[in-house]
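Open your viewer and keep the selection tool ready. We will go stop by stop.

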Amino acid sequence: MPPSMHAATPLPGLRAMRDAELAGQIAEVHARSQGGYGAPRVHAQLQRDGQRCGRRRVARLMRVLGLAGRYRRRRRQTGFEQSLR
């Protein structure tokens with residue numbers, strides 16, 4: 001097959017196929033946490049489930065999928081609470 005023929009029929013590589021599989025699992029873990037888990041917690045859950053992957057890879061795929069974890073808001077201190085100290 002001539003080299004020009006390879007460009008015409010690109011097949012997804014191993015990494016792309018693994019990323020697609022992993023993206024589904026990431027979306028599932030994120031949904032189970034009701035959108036509360038970010039990349040470190042999703043990564044930890046995947047590790048517990050037996051998936052071997054890096055945290056940065058999980059973070060990259062979450063960015064591509066548009067997923068982000070929730071963060072806790074700081075409590076606003078009022079003057080009353082400050083005067084109790």
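**Stop one: helix 3**

The buried residues of helix 3 pack against two partners, helix 2 (14–32) and helix 4 (55–65). Helices here are DSSP runs (H or I, at least four residues), numbered from the N terminus. This is a predicted model: local features need pLDDT of at least 70, side-chain atom pairs count only at pLDDT 80 or more, and totals for chains, interfaces and linings use all residues. Residues are numbered from 1 along each chain as its sequence is written, and side-chain values use heavy atoms, with hydrogens and water left out.

Select residues 39–48, which form helix 3. Its buried residues are Ala39, Val42, His43, Gln45 and Leu46. Buried means under 20% relative accessible area, exposed over 50%, partly exposed in between (1.4 Å probe, protein chains only).

Now select Pro40 and Arg48. These exposed residues are on the face turned away from the buried side of helix 3. Gly50 follows helix 3, with a positive phi near 95°.

**Stop two: Ile26**

Select Ile26 in helix 2. Ile26 is buried, at a relative accessible area of 0%. What does Ile26 contact, leaving aside neighbours within four places in sequence? Its contacts (heavy atoms within 4.5 Å) are Val42, Leu46, Val58, Leu61, Met62, Leu65 and Leu67. Ile26 and Met62 are 36 residues apart in sequence, yet 7.4 Å apart in space, C-alpha to C-alpha.

**Stop three: Gln34**

Go to the loop between helix 2 and helix 3 and pick Gln34. Gln34 is exposed, at 62% relative accessibility. Its phi is positive, about 60°, although Gln34 is not a glycine.

Terms used: Helix = DSSP H or I, 4+ residues; strand = E, 2+ residues; numbered from the N terminus.
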